[in-house]
Amino acid sequence: KSSLILAFIAFLLTLSAIFTLKHAFRNEKRCFMLPDGITREDLLLPDIMEDNKTPALSRTIFFHETSCSQDQIIMLNARQACAIESAAKMNPKWDVFVLFASPVGFLNKTSLPLIDALMSYDNIHFRNVNLWNYAVGTPIAEWIRDGQIFYSSYMNSHVSDFLRYLSLYKWGGTYLDLDVIVKVNFDTVPSNYAGAESENFVAAGIINLEHDGFGHEIAEMCLSDFQLNFDGEDWGNNGPGVITRVLRKVCQTDRPLFMTRERCRGFKVFPINAFYAIGWKDWRYFFKEEKTKEVLETVNNKSIIVHFWNKHSSKERVRVGDMSAYGQLADEYCPKVYGSSGEFF
């Protein structure tokens with residue numbers, strides 16, 4: 001009799017776990033869907049797949065904002081806005097598309113000084129992106145419909161991973177993380193590249209692929225690897241893990257520093273100092289005034305972009321006008337945003 005009671009209790013617990021998991025799944029998935037009672041006409045941003053203005057093939061810089069909006073109001077913090085402005089300022093002949101996975105817009109018409117600063121650039125375009133519609137007609141359409149990504153322990157990060165490879169597959173161009181500053185015009189950098197983060201891994205914070213030819217082949221391989229090896233319990237497996245595994249096959253080496261254009265059929269992995277000159281262990285250097293001279297000399301001599309390691313540095317404040325390296329770089333490369341950010345950047 002006791003065994004029957006225990007079995008019944010186990011059955012109830014299993015049902016409860018399934019219900020809880022399904023409920024969590026519905027809530028997470030809902031983040032990327034239009035809420036009940038709100039329509040596209042309610043001052044939301046245009047959808048990228050429904051707008052007349054489409055990204056320029058191979059000449060678009062993509063940023064993806066994948067956090068869940070609670071009020072459907074467009075929101076970027078000052079450092080995210082700085083990344084976007086620096087890309088637009090240094091690349092005036094490129095489109096800059098900022099895609100929001102959670103439906104947002106200007107619902108309350110309140111003052112948004114950072115957004116206003118960005119909208120003063122003709123080449124910056126804010127768009128919503130519907131994950132499912134965006135994937136239609138691509139090799140990953142069925143996979144996103146299955147919904148595995150919404151069970152991920154790092155859902156927002158993994159949605160960002162999904163979007164970066166999908167955007168590059170659809171349009172080509174350059175994907176950038178939102179915790180960077182762009183220092184150069186990308187016209188000076190031959191297409192098809194990424195950067196080493198360490199001696200063992202290629203980073204996914206900046207990836208450039210041509211829309212056609214071998215660049216598109218790389219993008220297709222990345223989408224395939226993303227689906228085949230997706231792991232919702234591993235933060236880095238579906239971002240840097242994807243591009244690293246693909247390039248190991250293409251280049252026939254496990255060493256990113258050996259991934260040259262000659263070895264990789266025209267694709268290049270830049271050395272660490274091109275994109276990650278200040279490593280994550282030294283992220284505090286960006287905020288210490290006594291380190292400013294050292295940091296600026298390092299990034300000005302070697303860097304195409306500067307990466308600020310938001311995962312570690314997001315809570316460190318920069319007082320506008322201080323002499324930190326981050327403040328100095330922001331003042332030079334994203335002056336409108338820096339000047340609109342208030343007391344702290």
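In this predicted model, helix α12, which covers residues 325-333, has A325, Y326, G327, L329, A330 and Y333 as its buried residues, where buried means under 20% relative accessible area with a 1.4 Å probe and protein chains only. Helices (H or I, at least four residues) and strands (E, at least two) are DSSP runs numbered from the N terminus. The buried residues of α12 pack against the helices α2 (78-90), α10 (292-302) and α13 (335-340), and also against the strands β5 (180-182) and β9 (305-307).

The protein as a whole contains 13 helices and nine strands, and 52% of its 345 residues count as buried. Its radius of gyration, taken over C-alpha atoms, is 21 Å, which agrees with the value near 20 Å that a compact globule of 345 residues would have under the rule of 2.2 Å times the number of residues to the power 0.38. Among contacts (heavy atoms within 4.5 Å) between residues at least 6 apart in sequence, 78% join residues at least 24 apart.

The mean pLDDT, the predictor's confidence in each residue on a scale from 0 to 100, is 92 for the protein, and 91% of the residues reach 70 or more. Over residues 19-26, however, the pLDDT is below 50, and this stretch has four contacts in the model beyond near neighbours in sequence. Where pLDDT is low, the predicted coordinates should not be read in detail.

Residues are numbered from 1 along each chain as its sequence is written, and side-chain values use heavy atoms, with hydrogens and water left out. Local features need pLDDT of at least 70 and side-chain atom pairs count only at pLDDT 80 or more, whereas totals for chains, interfaces and linings use all residues.

Technical notes: Buried means under 20% relative accessible area, exposed over 50%, partly exposed in between (1.4 Å probe, protein chains only).
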